[in-house]
Every structure is written in structure tokens, then in C-alpha cells.
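Me: Can you take a look at this one with me? I'd like to go through the charges and the surface.

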Amino acid sequence: MSLQRQRSEARKRDTREKIQLGGLIVKAGLRHEDKAVLLGVLIDAIGRLAVSDERARLTAIGKRAFGNEVKTPAIGDDAGDADDRYHSGPERR
């Protein structure tokens, strides 16, 4: 494989990962939250993850959210805001 092709594949993998991570923000209902708040929450989570009980609790919450996934509705279906299916707290807009 050429060096150019390897770089292209690496860029594609990186782009896909960033899109997936952004999708998690949307799935959590935080699409409209300030970027500084999002970064603060993530930095705070680093310390919380060091506590094994907290890691297990957050993992369970995430798995429940993934388990509640609903397939994208067909055009014209009135399924409401997809963000509402993945979080229970109020959304700030």
C-alpha cells in the first residue's frame, strides 16, 4: 500500500471516529450545549472514572441509552425529536 493511500485511510478512520464521538453528544441530548460546558463535563468525568463504582454506574447508563435506540423514522413520520429518546434531563437551547 502506498504512503499516500495509508495517509488517506488514516484520515478516513480519524474522521469517522470524530463523527461517532459527535454523535454521542447528540445522543446524550447535549447538541445545543455550550462547547466549554461539554469540555468541562468530560474533563470532570476523567476523575470520576477513577472510582470503579462510578465507572460501572455510567457504563450502565450508557448501555441503557444504546439499548433505547430507535431506528431513524422514515420521511414524514412524526417521531419527535430524536434527542428526547436518549436523555431524561432538561435540554438547554
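Reply: Below are salt bridges first, then surface patches. Keep in mind that this is a predicted model.

Me: How many salt bridges are there in the whole structure?

Reply: The search finds four.

Me: What does Arg48 pair with, with the closest N and O atoms 2.5 Å apart?

Reply: Asp44. Arg48 and Asp44 are four residues apart in helix α2 (residues 35-49), so about one helical turn separates them.

Me: Which residue bridges to Glu54 at 2.8 Å?

Reply: Arg57. Arg57 and Glu54 sit three residues apart in helix α3 (residues 52-67), about one turn of the helix. Through shared partners, the salt bridges join Asp44, Arg48, Glu54 and Arg57 into one network.

Me: Switching to the surface. Which residues gather in the patch of positive charge?

Reply: Arg5, Arg7, Arg11 and Lys12. Of these, Arg11 lies in helix α1 and counts as exposed because it has 55% relative accessibility.

Me: Which residues form the nonpolar patch?

Reply: Leu21, Leu24 and Phe66, together with about 280 Å² of accessible area. Leu24 is in helix α1 (residues 3-27), and at 39% relative accessibility it counts as partly exposed.

Technical notes
Residues are numbered from 1 along each chain as its sequence is written. This is a predicted model: local features need pLDDT of at least 70, side-chain atom pairs count only at pLDDT 80 or more; totals for chains, interfaces and linings use all residues. Side-chain values use heavy atoms; hydrogens and water are left out. Patches are made of residues with over 30% relative accessible area and no salt bridge: like charges are joined within 9 Å, nonpolar side chains (Val, Leu, Ile, Met, Phe, Trp, Tyr) within 5 Å. Accessible areas come from the Shrake-Rupley method with a 1.4 Å probe; for residues, only the protein chains shown count as cover. A salt bridge is a side-chain nitrogen of Lys or Arg within 4 Å of a carboxyl oxygen of Asp or Glu. Helices (H or I, at least four residues) and strands (E, at least two) are DSSP runs, numbered from the N terminus. Buried means under 20% relative accessible area, exposed over 50%, partly exposed in between (1.4 Å probe, protein chains only). Lys and Arg count as positive and Asp and Glu as negative; His and the chain ends are not counted. The place of a charge is taken as NZ of Lys, CZ of Arg, CG of Asp or CD of Glu.
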